[in-house]
Amino acid sequence: SNDSAYLLALNLAHRFNLIVPDLPGFGKSFKRHDIPHNYEAYTRWLTEFVAKSCDGPVHVVGNSLGGAFAMMLAEARPDLVKTMTLLNSAAITDFENTSIYDEFLRGEILFQVKDLSDFERFLSRVFHKRPFSPPGFREYLCTQFQENHDWYGQLVRGIFEDIAHPEDPRYKEVFMNHKISELKMPSLVIWGDKDTLFPVSFAERAHQLLRDSRLVVLKNVGHAPHIEVPHKVARYLKDFIEQKGEFALA
């Protein structure tokens, strides 16, 4: 949901024209159980959105699943993407170290929250240092996750289908490793080194595979650097895109 980009956006709004969409299936955007919300669908929705609502190519920034979508947009329509920034991105792996993908294959979906203790476990996995939240906010967020319990399961299963083992030949197709080495636009890879979902070795792999990339590893930061240290992420982003134009899609 675009709420999670709010702190980062605050640090960038004085300098850039920001567009922060709620993608289908998240936030206040539509959730349609009768149509697949898979990578192909997201690529189609996002390319159409950027082509129709942005004036020229954009600087794309994506965290986690948003990073996967950023790479798919860049691959499908490189003419729409001026630069790409990946924050602890999904859809990149080194095929060696264990990660949340192994949990998904076992049917364990961290994002499926039944009660407050599930939600606490989720928060402790996502954040190395938990950001401040006002009284009642954690409970409010927990109810949002509870309401989306089945939906988040459906989203994850939509990506992995019936793949149950990393040896399944289709498993490699879930990742963008084999596609991103074709990308020519400048890229920035920012990763919290304490990510319990995607280890920092995935960042190093992304950096190796991308032709024109810079790697920033943030010490003592978890899976969501834009929430834990938004000012730091903003500084690296500004330095990276300062010379490349005015539009940023976060």
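Select Y39 to start: leaving out residues up to four places away in sequence, Y39 touches L65, A68, F69, M72, A91, I159 and V174, where contact means heavy atoms within 4.5 Å. The model on screen is predicted, so local features need pLDDT of at least 70 and side-chain atom pairs count only at pLDDT 80 or more, while totals for chains, interfaces and linings use all residues. Residues are numbered from 1 along each chain as its sequence is written, and side-chain values use heavy atoms, with hydrogens and water left out.

**The cores**

Y39 also belongs to the largest nonpolar core, which has 63 residues; Y39, M71, M84, Y101, F122, F160 and F198 have the most contacts inside it. A nonpolar core here is a set of buried Ala, Val, Leu, Ile, Met, Phe, Trp, Tyr and Cys residues joined through side-chain atoms within 4.5 Å. Buried means under 20% relative accessible area, exposed over 50%, and partly exposed in between (1.4 Å probe, protein chains only). Colour helix α3 next: α3 gives the most to this core, seven residues. Another core lies apart from it, with 16 residues, among them V221, V229, F240 and I241. Helices (H or I, at least four residues) and strands (E, at least two) are DSSP runs, numbered from the N terminus.

**Aromatic pairs**

The whole structure holds 19 aromatic pairs. Rings of Phe, Tyr and Trp (its six-membered ring) pair if their centres lie within 6.5 Å; planes under 30 degrees apart count as stacked, over 60 as edge-to-face and the rest as tilted.

Select Y42 and F69, a stacked pair at 4.3 Å centre to centre with 25 degrees between the planes. Y42 lies in helix α2 (residues 39–53) and F69 in helix α3 (residues 65–76), so the pair ties together parts 27 residues apart in sequence. Y42 and F69 are both buried.

Then select Y101 and F175, which are edge-to-face, 4.8 Å centre to centre and 85 degrees between the planes. Y101 is in helix α4 (residues 100–105) and F175 in the loop between α7 (149–160) and α8 (177–180), 74 residues apart. This pair, too, has both Y101 and F175 buried.

**Charges over rings**

Show K172 with F95: the charged end of K172 sits over the ring, 4.7 Å from its centre. R235 lies over the face of Y236, 5.6 Å from the ring centre. The criterion is NZ of Lys or CZ of Arg within 6 Å of the ring centre and within 35 degrees of the ring normal.

Move to β4 (residues 187–192), where six of six residues are buried. S187, V189 and W191 lie on one side and L188, I190 and G192 on the other.

Strand β3 (residues 81–89) runs parallel to β4, joined by four bridges; two strands pair if DSSP finds at least two bridges between them. L87 has I190 as its bridge partner in β4. T85 also lies in β3 and, at 1% relative accessibility, counts as buried. Beyond its neighbours within four places in sequence, T85 contacts V60, V61, G62, L188, I190, L237 and F240.

Strand β5 (residues 213–218) pairs with β4 in the parallel sense over six bridges, and S187 stands opposite S213 in β5. From β4 the chain passes through helix α9 (residues 200–209) to β5 in a right-handed β-α-β crossover: with the strands pointing away from the viewer, the path from the first strand over the helix to the second runs clockwise.

End on α9, whose buried residues are S201, F202, A203 and A206. Their cover includes α4, α8, β4 and β5.
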